[in-house]
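Dear colleague,

I am passing on to you the structure we talked about, and below it I have written out what was found in it. Please look through the structure first and then read on.

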Amino acid sequence: MATTDRTQSTHWLILLLWVAFALYLFQLNKQNIWWDEARNIDVALRPFGQIATAPELDIHPPVYFWLLHIWGRMAGLPALSQNRLPPMQMAFLTRFLSVFMGVLSVALLYGLVRQAVRSLNAPQAAAWAAAVGALSPFWLAESQETRMYTVEFALLLAAAIPFLSLLRQTAAPTPVGRRFLPAGTFVLFASLALLTHYNAVFILIAWYGYWLLAALTAPKRMRNLRTLLTCGIATALLFAPVTPIALRQIPGYANPNLIVPSLGDYLSQNWFAYLGGYVFMDPLLHLGSMAVGHLWAWSLLTLLSAGLIIGAVRAPHPTDIKSVQNVQALLIHPLTFLLVWLLGGLALYYIAVLDRGAFNPRYSSFVTPALYALMGLGLAGWQRLWSPLAAVGLLLLLWGTGPAIWADQNDARFGREDMAGVTDWLRQNATADDLILVDQKYPFGFYYQRYSLDPAQTPVGPEAAAARYLFVDINTVDQQLTAWGQNARRIFWVRWFESDTDPRHAVTFLLDQAGQRAGEKDFRGYSIDWWELTPPNHFALAPNLQPATYRFPPAVETVAISLPAEPIKPGAAIPVVIRWQRTGETPMDRPLKARVAIYNANGSRKAQADARLLNDRHVMPVQWSPTDQPLNVYRLETETELKPGQYELRLLVYDEETLEPLTYVDAAGNPAGQEAVLGLISVK
């Protein structure tokens with residue numbers, strides 16, 4: 001009977017692998033190449049020796065890029081600088097590595113659960129788990145992108161299988177020779193996982209901590225501790241060559257633009273993503289007119305948890321899980337290991353989130369193999385109670401994941417950015433007299449050949465207009481625009497919807513000053529604005545910058561201010577540039593904004609510009625260094641009905657969230673109200 005079950009389970013695995021392969025391959029190159037993918041391809045197709053030290057690897061170790069390099073060479077892909085492949089072909093070939101590793105992850109998930117269920121006598125659990133993995137919208141999404149996540153899933157699963165053997169050996173006398181193979185295999189794949197994505201460290205810490213506890217409660221304590229220590233040292237030694245790179249990348253990494261979620265929100269976001277993919281939302285499922293996506297997700301969690309409990313209670317080896325006195329048996333039980341992997345990984349990563357503020361469900365997704373294994377065991381638990389219940393549970397799962405898979409593949413709301421549409425439009429509308437500026441390095445060059453990332457290189461390609469990546473350094477951007485655009489009749493500014501390249505809007509400030517805004521065009525994920533100019537063009541951010549100090553303790557003070565030297569016409573904009581610095585007091589840990597406004601003789605405000613106070617790293621004043629003196633720009637749009645005369649220009653600093661203004665103090669340190677008077681603006 002057991003042989004028949006294993007044979008059926010193997011047949012199911014083969015079917016599921018074909019299903020996963022077909023699903024992952026379907027419309028593989030439908031989506032445009034996007035930023036992460038383009039960066040990965042660019043780095044991977046460089047000479048092998050240049051990959052590990054590439055500056056673009058801001059927070060990534062090199063193994064995935066090495067693998068992609070090898071795969072790219074096998075597939076005949078040229079270096080990006082020599083690339084003439086159509087983007088769709090490039091997308092298909094580079095994403096295929098993720099497809100392969102995604103299918104391999106399904107097979108390894110099956111193998112892990114097969115290893116785990118030896119003590120549970122639930123041979124079908126492996127097939128159920130493989131079905132969950134193969135039909136996961138989250139694994140589908142990651143299998144169709146040129147990123148390292150499916151590689152990481154496969155490596156962690158390949159490490160987990162021998163790790164289970166090592167755990168079992170803590171409770172049983174095992175010759176050294178029999179421990180060597182699982183220990184060596186575990187060290188190899190655990191090290192490769194860590195060298196593929198640094199977040200694997202949270203999983204490995206959970207595993208090693210769990211192993212230490214099991215070893216300390218084992219009869220042969222010293223033997224087990226020696227094995228653990230040897231594996232730990234070997235893992236560290238294999239990681240050692242990359243340590244200098246990691247020390248350069250990790251300590252300063254944080255994303256101040258991401259919001260730290262509460263623990264409940266963190267767990268629910270992860271559960272929804274891992275169950276329904278990146279497209280999951282409550283309205284995805286309906287009963288009549290009622291959205292039931294969240295109800296479905298929480299109900300499924302409850303049912304699968306109940307299935308796990310049923311399976312554990314009805315297991316044929318009660319001493320493994322029921323006997324609370326048998327601590328060692330409980331510790332080395334596969335269910336315990338999977339729960340440690342899932343909950344320990346989530347807990348450790350959440351601690352990092354609290355410290356660094358960098359959260360996205362994909363960053364903690366290395367717990368998904370354990371989650372899907374537990375979901376398979378939950379379905380097997382219901383099967384123990386009554387055989388058809390597992391199939392009912394799988395159908396309930398598919399009721400939600402089916403629409404998620406369809407939406408991932410076909411719903412335009414969830415499509416990647418339309419860079420192909422952007423570049424097609426530019427080819428049709430930009431001429432040889434125009435200049436195209438792009439605010440992101442990638443993936444513009446995959447779709448437009450006459451494009452340069454290097455500011456010193458002249459763009460070469462068949463298109464009429466030259467295109468350049470513009471790195472916005474607010475201190476020199478005016479000089480760069482003059483060098484590139486002094487003869488341009490039109491300048492097109494291409495911006496990504498999530499861009500933080502120019503949060504102070506220095507580029508639009510300069511282009512508005514030098515030319516006439518002529519139009520805008522929106523695409524999925526991008527916008528194009530363009531200006532008409534009269535060459536020769538000269539750009540100057542702060543032509544009249546003069547020292548000036550206005551203090552708003554305990555936060556900031558001005559260092560210098562640039563105001564218009566000539567009168568303005570009604571309807572024209574008033575350009576103001578202010579250089580800021582922190583005051584000497586203990587800084588306010590609050591987001592601050594500055595308002596520059598003009599007032600008429602009656603004290604009525606006639607125009608204003610509000611902007612967040614940011615430095616060159618785009619962070620708020622509390623995070624500025626004592627030497628930071630960032631420029632911020634303010635463009636006051638006036639009405640055409642504005643009457644000629646003298647207008648007072650005032651400056652206010654206030655809390656962005658509470659709108660509470662800070663007190664302005666005069667040169668003697670006395671409170672002088674809320675607004676500082678910067679000067680007079682003449683309107684003629």
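Please keep in mind that this is a predicted model. I begin with Asp655, which counts as buried, because its relative accessibility is 6% and buried means under 20%. The side chain of Asp655 meets that of Arg590 in a salt bridge, with 2.7 Å from N to O. This pair links distant parts of the chain, since Asp655 lies in strand 16 (residues 645–655) and Arg590 in the loop between strand 12 (573–582) and strand 13, 65 residues apart. Arg590, for its part, is partly exposed, with a relative accessible area of 27%.

Strand 16 also holds Arg650, which is 25 residues apart from Glu675 in strand 17; these two residues form a salt bridge whose closest N and O atoms are 3.3 Å apart. A search of the whole structure finds 27 salt bridges.

Elsewhere, the axes of helix 14 (residues 293–313) and helix 18 (residues 368–385) come within 7 Å and cross at roughly 65°, and the crossing is left-handed. The residues of this contact divide into eleven nonpolar, four polar and one charged.

Conventions: Residues are numbered from 1 along each chain as its sequence is written. This is a predicted model: local features need pLDDT of at least 70, side-chain atom pairs count only at pLDDT 80 or more; totals for chains, interfaces and linings use all residues. Side-chain values use heavy atoms; hydrogens and water are left out. Axes are lines fitted to C-alpha atoms, for helices over the stretch in contact, and angles run from 0 to 180 degrees between N-to-C directions. Helices (H or I, at least four residues) and strands (E, at least two) are DSSP runs, numbered from the N terminus. A crossing is left-handed if the near helix is turned anticlockwise from the far one by less than a right angle, and right-handed if clockwise. Ala, Val, Leu, Ile, Met, Phe, Trp, Tyr, Cys and Pro count as nonpolar, Asp, Glu, Lys and Arg as charged, and the others, Gly among them, as polar. A salt bridge is a side-chain nitrogen of Lys or Arg within 4 Å of a carboxyl oxygen of Asp or Glu. Buried means under 20% relative accessible area, exposed over 50%, partly exposed in between (1.4 Å probe, protein chains only).
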